[in-house]
Amino acid sequence: MAACISFISLRDRIYRTSFSNAGLKSSASDLGDGTVIHSWVPRKAKPQKPNLVLIHGFGANAMWQWGELVARLTPRFNVYVPDLVFFGESYTTRADRSEGFQARCLMRALRGWGVGRVSVVGVSYGGFVGYSMAAQFGEEVERVVLVCAGVCLEEKDTEEGMFEVKNADEASSILMPQRAEQLRELMKLAFYKPVTSVPACFLNDYINVMCSENLQERKELIHALHNGRKLSQLPKIQQPTLVIWGEHDRIFPLELAHRLVRHLDGKPQLVIIKKAGHAVNVEKPKQMYKHIKAFLVDSASKVESSHNGNKAS
């Protein structure tokens, strides 16, 4: 029986072309401490445009997670799409596995590319990193969009049955599938309407291309995210914040969105996208873009106009 053509590798090349056509280029920043951060960055950043960082979650690389939105965002922003450490072409020899470390690495890389103030959009695990960036670098992060990012989870939530997994090890096996059956299970959890008729050879191709590297390190990232986590220890960020959530998210239940809004004293805007699961950026990219634009462009413009009007008066 003939082997399947690697559709995943082909799709990866298509994304590379689309990112290039959107005015981005591949760039790597050596932080000098055994850490290298790879990112798609503007070929020529324009000073009049605001800067926007798109931070991916677990799963496929950054291109796959942001491929449906980059072309929509680059006309309005200087867009930066980094690979987090142990994803894509980013790596470190250091032992730190916290989201705080990821956030510091991204900020150091952005400074190296000459980026000033930024807004961040983080999906799932990327939202943990984006939240940490906002907490650590308050003067440099302007606005925050968190998409299905369970930053308010606590270690006890797993024990109390909030999640469909029993512990961090089980979460690791689902988020880093090594068999077609595991990938099917991940698709059921991540999508509101998962495709159920995907051939096994396609799933195995995806696993081979996207899920075969840095397995131990990624498992350690999951454990670092979960172990000892308490809401009382989560700092309250001060930036204007938009929370986007899939109505039927089975990985980070909707309760975590409401918990985050309460934690931030009701200040964030909350958008619940209907008929969507955890992978909102893939299932509902048009709706997600609409809300991101309204928050980052339209509302920010109103605030600036108001300030300018006050100054003029």
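Colleague: Which element gives the largest share of the lining of the largest pocket?
Modeller: H8 does, with 5 residues. Keep in mind that this is a predicted model.

Colleague: How do you know that H8 counts as a helix?
Modeller: Helix H8 spans 180-190. A helix here is a DSSP run of at least four residues, so H8 qualifies.

Colleague: What makes a residue part of the lining of a pocket?
Modeller: The residue needs an atom within 4 Å of a pocket point. For the largest pocket, 50 residues line it, and Phe58, Leu186, Ala190, Phe191 and Ala279 are the closest to its centre. About 1,300 Å³ of space lies in this pocket.

Colleague: What about the second largest pocket?
Modeller: About 330 Å³ of space lies there. Its lining has 21 residues, with Asn61, Gly88, Glu89, Val209 and Met210 nearest the centre. The classes are 9 nonpolar, 6 polar and 6 charged.

Colleague: What makes Met288 stand out in the largest nonpolar core?
Modeller: Of the 103 residues in that core, Val81, Val121, Ile244 and Met288 touch the most other members. Helix H4 (residues 99-112) gives the most to this core, with 7 residues.

How values were computed. Residues are numbered from 1 along each chain as its sequence is written. This is a predicted model: local features need pLDDT of at least 70, side-chain atom pairs count only at pLDDT 80 or more; totals for chains, interfaces and linings use all residues. Side-chain values use heavy atoms; hydrogens and water are left out. A nonpolar core is a set of buried Ala, Val, Leu, Ile, Met, Phe, Trp, Tyr and Cys residues joined through side-chain atoms within 4.5 Å. Buried means under 20% relative accessible area, exposed over 50%, partly exposed in between (1.4 Å probe, protein chains only). Helices (H or I, at least four residues) and strands (E, at least two) are DSSP runs, numbered from the N terminus. On a 1 Å grid over the protein atoms alone, a cavity is a set of points where a 1.4 Å probe fits but cannot get out, and a pocket is an open set with protein on both sides within 12 Å along at least five of seven lines; lining residues have an atom within 4 Å of a point. Grid points are joined across faces, edges and corners, and a volume is the space filled by probe spheres set on the points. Ala, Val, Leu, Ile, Met, Phe, Trp, Tyr, Cys and Pro count as nonpolar, Asp, Glu, Lys and Arg as charged, and the others, Gly among them, as polar.
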